[in-house]
Structures are given as structure tokens and as C-alpha cells.
Amino acid sequence: MIVAIAIFIPTEARQKKKNGNPIFTGWYADPEGAVLDGQYWVFPTYSAPYEKQLFFDAFSSKDLVKWKKHERVLEQKNIPWLRMALWAPSIIEANGRFYLFFGGNDVHEGEIGGIGVAVSDRPEGPYKDALGKPLINEIVNGAQPIDQFVFRDDDGQFYMYYGGWRHCNVCRLSPDLLSIVPWKDGQKFHEITPSESYVEGPFMLKRNGKYYFMWSEGGWGGPDYCVAYAISDSPFGPFQRIGKILQGDPKIAMGAGHHSVIQIPGCDEYYIVYHRRPLSETDGNSRETCIDRLLFNDDGTIQPVQMTFEGVKARKIKK
Ligand code: FUB
């Protein structure tokens, strides 16, 4: 007698086995990838209606494949001025501590909100607002104070790039990262909007002495969101737009953008961390966090990213 046994594997489990992207479950956007304390970390926006965006979860991994969730590493109770729209974390280790910059309140002229900074002794938090008020509240050069990225140059100087509403500013941060140091002309912010198509989500990467400035274009709620870049000899530009490196693929997902880049420590090896919208979804907040390879050509330009469902192979950090 032949007995047929059917083994039922739920769709989610099958997909989990086959698919490395998204790298974790749930709607998460604007992911900032980093290496902290010898592990990979991703800090994303919780992608939901603005009034529900009141916390950040974070995720850690030893190999870029298995991710551990750290719930509510920063939340409203630790940010006295936050009402809604906790957006786009940017993490950096300095002075033996971890600084988590964030946008709050979707601020408009005359309102309290903008870019804040929270600090913890551990990557997994809990993070607490360090100033009791936003670090940048004002709207200068037309740039909404959101989507900050903190960049440490080789000489140890910290710069913050930020800006929504199609304008991007750069400022210098003090060594304790809690204040802005004016430029020689007395201004706190210089506009460095790289292109008419710039929208938001600036990111800076230094490789072989060149500054790779990247940003998101298009509307984040739609299918055409994408990432473009420029290369410069200076962290302040000029930035000449070279082209897109990440965009929707009708076979994989649309609305791909607001990215960051993880460099394997000590290696010329890079991974792009970004969000995208599955083909089955139309809601603006249905954004999932993914990782794929970021590859350079021999002439230093960046190859267009091939988005995948598979994600990347396991890659441990050598101690
Ligand atoms: O997730 C909130 C906002 O959407 C971000 O600040 C923008 O960059 C866009 O991704």
C-alpha cells in the first residue's frame, strides 16, 4: 500500500527559506546600516501613518542574513518634544557612546520639531533625547530639517547632511555631536543641493579619497522613487549628478530609495540597504527593508544596483 503524505509548509516559511529580502518582517523604511561593536546594525523608520510613528525598532546581525529585532530602542517617552513622525534614523559611534539622530514631527515653519539627537551607551539603547529640544528646528534654504546623515571624515570632523523638500544643507558638528559649529562666514548651514532632481535622503560615502554623495529622487509614496549620486573631491561638492544607482524594477519591486551603505570593515566591499515597495502593494507606507550588493566599476563609478529577492550571502565580520 502506498501512503501519500502531504507536508504543508506555510507560504511565509517557504519565502523565508528562499528569500533574503526583505531582511526582516514588517513595514520599515529609510534604513541606516552600520557596523557597531563588531556587528551589523540596521535602524529603520517604522513605516506607518505619522501619528503612529512614535518609536524606532533596530535590528542586529552577525552575518547580514539572520537579523535580531531590538524593540523600541528609542520611543516617544524619551523625546519630550515628539508628537508624531519619528523618521529616518542616523547612527554613529563617537566618544565611547552611540548617537542616534532622527527627524520628528514633520516640522513646518513656526512649529516645534526637526532634527533631534538621542544618546546611549549601547547600540541597542535605550536612547534618550540629549537636548530636550530639536538640534535643528529652523527651515533654512528651503530644506525641511529631516533625513540627516552624520558623516565622519578621515580628519575626525563630523558633518551633517540633511534636508527634505528638494533642498539639502550641510553643517559642521561639534566633537560631542550635540551642537552645530558655524562656518567661517558665520552661517550655520550651507546649501549643497546637488541637482534639480534632489528630493531627500542624502548619504555620503568616502572611497579612495573621493566623496560619493547620494540622495533620493521622486516621491517616496509612489513607484518612481529612486537613488542618484555624484562624485566629488570635497565633502562640500560641487556635486555633478552622474546618474541613478537604484530604482524600481517591475519584476521585483517599485519605489526603491532612501538608502544607506554598509562597508565591510577594512575591505573594499559594500552593501546597499534600502527600502522598496512589493509589487502587490499600493499603500505608501508598505515599504520593506532590503540589502543588495553595491558594486563599483574600475573607473570609480557605481554600477546600477541589481535588486534581488535572494538578498546577499552570509558575510561575517573578521575580528
Ligand atoms: O519615512 C518618512 C519619510 O519618507 C522619510 O523621511 C523620507 O525620506 C521618506 O522616505
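Predicted model: local features only at pLDDT ≥ 70, side-chain atom pairs only at ≥ 80, totals over all residues.
1. Residues are numbered from 1 along each chain as its sequence is written, and side-chain values use heavy atoms, with hydrogens and water left out.

2. Tyr40 is also the bridge partner in β2 of Val35. Strands here are DSSP runs of E with at least two residues, numbered from the N terminus, and two of them pair if DSSP finds at least two bridges between them. β1 (residues 28-36) and β2 (residues 39-46) run antiparallel, joined by seven bridges. They form a hairpin with two residues between them, and Asp37 in the turn has a positive phi of about 50°.

3. On its other pairing, β2 meets β3 (residues 55-61) in the antiparallel sense over three bridges. The open sheet has four strands in the order β1-β2-β3-β4, with antiparallel pairing. Its edge strands, β1 and β4 (68-75), each pair on one side only.

4. Do look at the cover on β1: eight of its nine residues are buried, meaning under 20% relative accessible area (1.4 Å probe, protein chains only).

5. Elsewhere, Met214 lies in strand β15 (residues 210-217) and is buried, at a relative accessible area of 0%. Not counting residues up to four places away in sequence, its contacts include Phe203, Val227, Ile245 and His259, where contact means heavy atoms within 4.5 Å. The C-alpha atoms of Met214 and Phe203 are separated by 5.1 Å, 11 residues apart along the chain.

Methods: Buried < 20%, exposed > 50% of the residue type's maximum accessible area, 1.4 Å probe, protein only.
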